[in-house]
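Have the sequence and the 3D view ready.

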Amino acid sequence: MQVIQSTKLANVCYEIRGPVLEEAMRLEAAGHRILKLNTGNPAGFGFECPPEILEDMLRTLKDAHGYGDAKGLLSARRAVMQHYQTKGIPLDVEDIYLGNGVSELIQMSMQALLDDGDEVLVPAPDYPLWTASVALAGGTAVHYRCDEQADWMPDLADIERKVTDRTKAIVIINPNNPTGAVYDDELLRGLTDIARRHRLVVCSDEIYDKILYDDTTHTPTSAIAPDLLTLTFNGLSKAYRVAGYRSGWMAVCGPKTHAGSYIEGLTILANMRLCANMPAQHAIATALGGHQSITSLVLPGGRLAAQRDATYAALTAIPGVTCVKPKGALYAFPRLDPQVYKIKDDRQMVLDLLRAEKIMIVHGTGFNWIEPDHFRIVTLPRAEDLTEAIGRIGRFLDSYSQP
Ligand code: PLP
């Protein structure tokens, strides 16, 4: 008997760890060293875990071997609650769900919300877990355009045109992965006005809210629209560089009067996974209340800021490559001029780059960008390594053509 995957997976894809990674692993097994510029995993590039988080994990490990509360450790949820209170967002501990990374909570939020055929507005390009999670929950991701000419800001008119009577939610990724765009308050007002008029749940993925360059500031969506039901996602993977601990939270912000049944659904799903990784939950209060070492990394001259600068300079030095300078997050999403580079299949292009240069990046269509004319690169390696690697990508592109 053939064992065939469920049709539920028909439209589910997550290319960041897709076939290109499989080829990279095959090459590694054959003895090649691969420079992996495909995932935003700070630990892979020598970023250390803040010492107080490590100490706290070690100290609490011996008492954290049992199941805990399905929604999460009370002390951690209190810390998250207080974190948002200081930003003017009122919350109760019961509004907070802890998860095995934001990834698990994104999937729960969609599973609890969608019926087959329901639509969710998702940015293009997007962090593809959002599109995949909508599809897995039976919904349809309707992609709204972010405009590269306008520094990758979401196109409000395009969003408005795409709302239908099946639209249930809008996803905002700010700071954005993969573009590095950070939205100002006026744009957030525009986005939330649409949500208000069409009664949409707002899903605001703010996992990069502390990774900001050039004096850029970040406003939580819920602070702009306290009257809307907004699910705010964040966690320890990026700003605290402990992606492997799998620790994130979802805060259900705004009025809950009409969301009782949805919230009940979230709680059922939280109960079904019993609880999130307990040792990592102990680290949340320490992380939020401790020294914010990310700040010195993103200030001018800080390691992440210098790497962002080196990435931008090296990319834009390649003929036919342009890039909107990232204002936040850990990526750049450059454009390959189609007049210069005749690429029909961008996944094939990154596979060919991998085989030729042993460098792994992710093709733009993997982020639900429709044209095969972009790629994403992480800005995590040291500046000199980025400059060297991007130089090699440029030389590869110079002689590259697809039949
Ligand atoms: N949201 C965005 C925008 C991301 O870029 C990522 C990871 O790269 C996640 C969510 C998932 O993060 P976590 O490690 O908390 O699951």
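This is a predicted model: local features need pLDDT of at least 70, side-chain atom pairs count only at pLDDT 80 or more; totals for chains, interfaces and linings use all residues.

**Starting inside the sheet**

Residues are numbered from 1 along each chain as its sequence is written.

**Reading the names**

- Helices (H or I, at least four residues) and strands (E, at least two) are DSSP runs, numbered from the N terminus.
- Two strands pair if DSSP finds at least two bridges between them.
- Strands of a sheet pair through backbone hydrogen bonds, either parallel or antiparallel.

**The whole protein**

- The protein has 14 helices and 15 strands.
- Its radius of gyration is 21 Å, close to the 22 Å that the globule rule gives for 403 residues, so the protein is as compact as a globular protein of that length. (The radius is taken over C-alpha atoms, and the rule is 2.2 Å times the number of residues to the power 0.38.)
- Along the principal axes, the C-alpha trace spans about 60 × 60 × 50 Å.
- Buried residues make up 47% of the 403 residues; a residue is buried if 20 or more other C-beta atoms, placed from the backbone, lie within 10 Å of its own, exposed if 12 or fewer, and partly exposed in between.
- Among contacts with a separation of 6 or more, 72% come from residues 24 or more positions apart (a contact has C-beta atoms, placed from the backbone, within 7 Å).

**The eight-stranded sheet**

- This open sheet has mixed pairing, and its strand order is E2-E9-E8-E7-E6-E3-E4-E5.
- At the edges you'll find strand E2 (96-99) and strand E5 (153-154), each pairing on one side only.
- Strand E6 (residues 167-173) runs parallel to strand E7 (residues 201-205), with five bridges between them, and Ile170 stands opposite Val202 in E7.
- E6 is mostly covered, as six of its seven residues are buried.
- E3 and E6 are parallel too, paired over three bridges, and Glu119 has Thr167 in E6 as its bridge partner.

- Strand E3 (residues 119-124) and strand E4 (residues 140-147) run parallel, joined by six bridges; here Val122 sits opposite His143 in E4.
- Together with helix H5 (residues 129-136), E3 and E4 make a right-handed β-α-β unit.
- E4 and E5 are antiparallel, with two bridges, and Cys146 has Pro154 in E5 as its bridge partner.
- Five residues lie between E4 and E5 in their hairpin, and Asp151 in the turn has a positive phi of about 55°.

**Around the ligand**

- Which residues come nearest to the ligand? Of the 13 around it, they are Gly101, Val102, Ser103, Tyr127 and Ser237 (a residue is near if its C-beta atom, placed from the backbone, lies within 6 Å).
- Helix H4 (residues 101-113) gives the most to this shell, with three residues.
- The shell has five nonpolar, seven polar and one charged residue; Ala, Val, Leu, Ile, Met, Phe, Trp, Tyr, Cys and Pro count as nonpolar, Asp, Glu, Lys and Arg as charged, and the others, Gly among them, as polar.

Methods
Two residues are in contact if their C-beta atoms, placed from the backbone, lie within 7 Å. A crossover is right-handed if, with the strands pointing away from the viewer, the path from the first strand over the helix to the second runs clockwise.
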